[in-house]
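Hello,

Here is the structure I promised to pass on to you. Please open it alongside this email, and then read on for what turned up.

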Amino acid sequence: MTRLVVGVGGRAGVSVAEVCALVEETLRGAGLADGAVAALATVDSKILEPGIAGAAERFGVPLIGYPAEQLARIPVPHPSPAVREAAGTASVAEAAALAGGGELLVPKRRSVAATCAVATAEEHDLRHHGDAEVADAGGALVDLAVNVRSDTPPAWLKERIAASLGDLAAYPDGRAARAAVAGRHGLPVERVLLTAGAAEAFVLIARALDARRPVVVHPQFTEPEAALRDAGHRVERVVLRAEDGFRLDPAAVPEEADLVVVGNPTNPTSVLHPAATLASLARPGRILVVDEAFMDAVPGEREALAGRMDVPGLVVLRSLTKTWGLAGLRIGYVLAEPEVIAKLAAAQPLWPVSTPALVAAEACVAPEALEEAEAAARRIAVDRAHLLAGLAEFDEVTVVGVAEGPFVLIRVAGATEVRTRLRALGFAVRRGDTFPGLDGSWLRLAVRDRATTGRLLQALDHALALAAP
């Protein structure tokens, strides 16, 4: 059954009964089942309208609100100057129905005080990650789908972890690692929480912080939204556009949002947002979550917010799994105000981080390790430039925005077939259509050394030739 999004608009005071009747009549007239409705959508200024909110509740689906500025950019078949003047967008119902990226099935229908339109719901597998591209491959594929740095963990780190195995009979003691992380960022230990990777932190945030109106900025890592949904939250999306280079306009984030999640540099777009832009999102009563899982792959960690204590409500997430090749060990941390850290810690199970992971955390924030990570970040920048130069030789390939992370997002016609061809040629790349805001024309490529990139570019040339009509 095709899942549907119903865009709705209405005058002030419109009743639940009128909105529901219009939606039901519209669906019946198009031969669509009301059980296929996945969400109602409207403009932010209408999300608290009792008739519209009540209709979503009666249908048993979430109500999604979009900023008028975002809806105004969406082409609609039946624009109205009067509606644009009143609501800031040419058609609330049609634009809201289309905002999720689906296809319009039923254009605008009207009753006395309400409007609605129906579109297909955009489907994204929020639980799909790059490791799925290489699962069961038995090492037969060159892995460009996972953003873990190649040739890691280094020998010295393996030795430190191996030495910790003699302490496994004792329960983990995270005090030394916590103090080391705090010292690395110049923070008091009360502002640090160690976690089993950044993914655990997203679950803790979703369960412990009591958000009423969470907003996730997309395209980005999908686990934050998945964790929020699993915790019962209705998640709103701010979808950045390729036409804007996937840059964030702070005005696109609803003022009423009390939890905002954004990545920096963002996975999968590789865009590095200015620290000042992200800090401007802070508000009294708002939690601002900045996922800096890839920040240590940026030379100088410019635009980082980790260590800042002057941004109210700031929560910074860091992962040690990407740069150090510790995805299987699960280690990361949260930096936030002590009150927030206490809430997140209360939601953790006892001893959430293993002794080997604690040893790795302490080792990876030592001065010598930070120097090694900085050198690696500079090598990645050089290798990324080589990859981008090679991609620029293909007329069929477009790179949108300025890549600053250890991966590059590309748009290519026939991407699904190209991805399949690359796999046959020995290369695994990350599909992009599981990220909200992207479709099947996008692929993500991890940055590797020049020799590997050279072989990839040869394979891509072959794959494009095979995929050509």
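Which residues in H1 meet which residues in H2? On the H1 side they are Val16, Ala17, Val19, Cys20, Val23 and Glu24, and their partners in H2 are Pro50, Gly51, Ile52, Gly54, Ala55, Arg58 and Phe59. This contact is made up of nine nonpolar, two polar and two charged residues. Please keep in mind that the model is a predicted one.

Now for the geometry of that pair. Two packed helices are described by the angle between their axes and by the distance between those axes. Helix H1 covers residues 16-29 and helix H2 covers residues 50-59; their axes come within 8 Å and cross at roughly 55°. H1 is therefore oblique to H2. The crossing of H1 and H2 is right-handed.

Another pair to look at is helix H8 (residues 197-208) with helix H9 (residues 223-230), where the axes are 8 Å apart and the packing angle is about 35°. H8 also passes H9 in a right-handed crossing. Here Phe202, Val203 and Ala206 in H8 meet Glu223, Pro224, Ala227 and Leu228 in H9. The residues of this contact are six nonpolar, no polar and one charged.

Stepping back to the whole chain, you will find 16 helices and 17 strands. A compact globule of 469 residues would have a radius of gyration near 23 Å, and the chain agrees with this at 24 Å. Its C-alpha atoms fill a box of roughly 75 × 60 × 40 Å along the principal axes. Of the 469 residues, 56% count as buried. Among contacts with a separation of 6 or more, 71% are between residues 24 or more positions apart.

Finally, some backbone details. Most residues other than glycine have a negative phi, and most peptide bonds are trans. Here are the exceptions I would point you to:

- Thr152 and Pro153 are joined by a cis peptide bond with omega about 0°, and Pro153 sits in the loop between strand S6 (142-144) and helix H6 (155-163).
- The bond from Asn264 to Pro265 is cis, with omega near -10°; Pro265 is in the loop between strand S10 (259-263) and helix H10 (275-279).
- Phe246 has a positive phi, near 55°, and lies in the loop between strand S9 (236-239) and S10. Phe246 counts as buried because its relative accessibility is 2%.
- Arg330 has a positive phi of about 65° and belongs to the loop between helix H11 (321-324) and strand S13 (332-336). With a relative accessible area of 31%, Arg330 is partly exposed.

Enjoy exploring!

Best wishes

Technical notes: Residues are numbered from 1 along each chain as its sequence is written. This is a predicted model: local features need pLDDT of at least 70, side-chain atom pairs count only at pLDDT 80 or more; totals for chains, interfaces and linings use all residues. Side-chain values use heavy atoms; hydrogens and water are left out. Axes are lines fitted to C-alpha atoms, for helices over the stretch in contact, and angles run from 0 to 180 degrees between N-to-C directions. Helices (H or I, at least four residues) and strands (E, at least two) are DSSP runs, numbered from the N terminus. Angles under 35 degrees count as roughly parallel, over 145 as roughly antiparallel, 65 to 115 as roughly perpendicular and the rest as oblique. A crossing is left-handed if the near helix is turned anticlockwise from the far one by less than a right angle, and right-handed if clockwise. Contact means heavy atoms within 4.5 Å. Ala, Val, Leu, Ile, Met, Phe, Trp, Tyr, Cys and Pro count as nonpolar, Asp, Glu, Lys and Arg as charged, and the others, Gly among them, as polar. The radius of gyration is taken over C-alpha atoms; the globule rule is 2.2 Å times the number of residues to the power 0.38. Buried means under 20% relative accessible area, exposed over 50%, partly exposed in between (1.4 Å probe, protein chains only).
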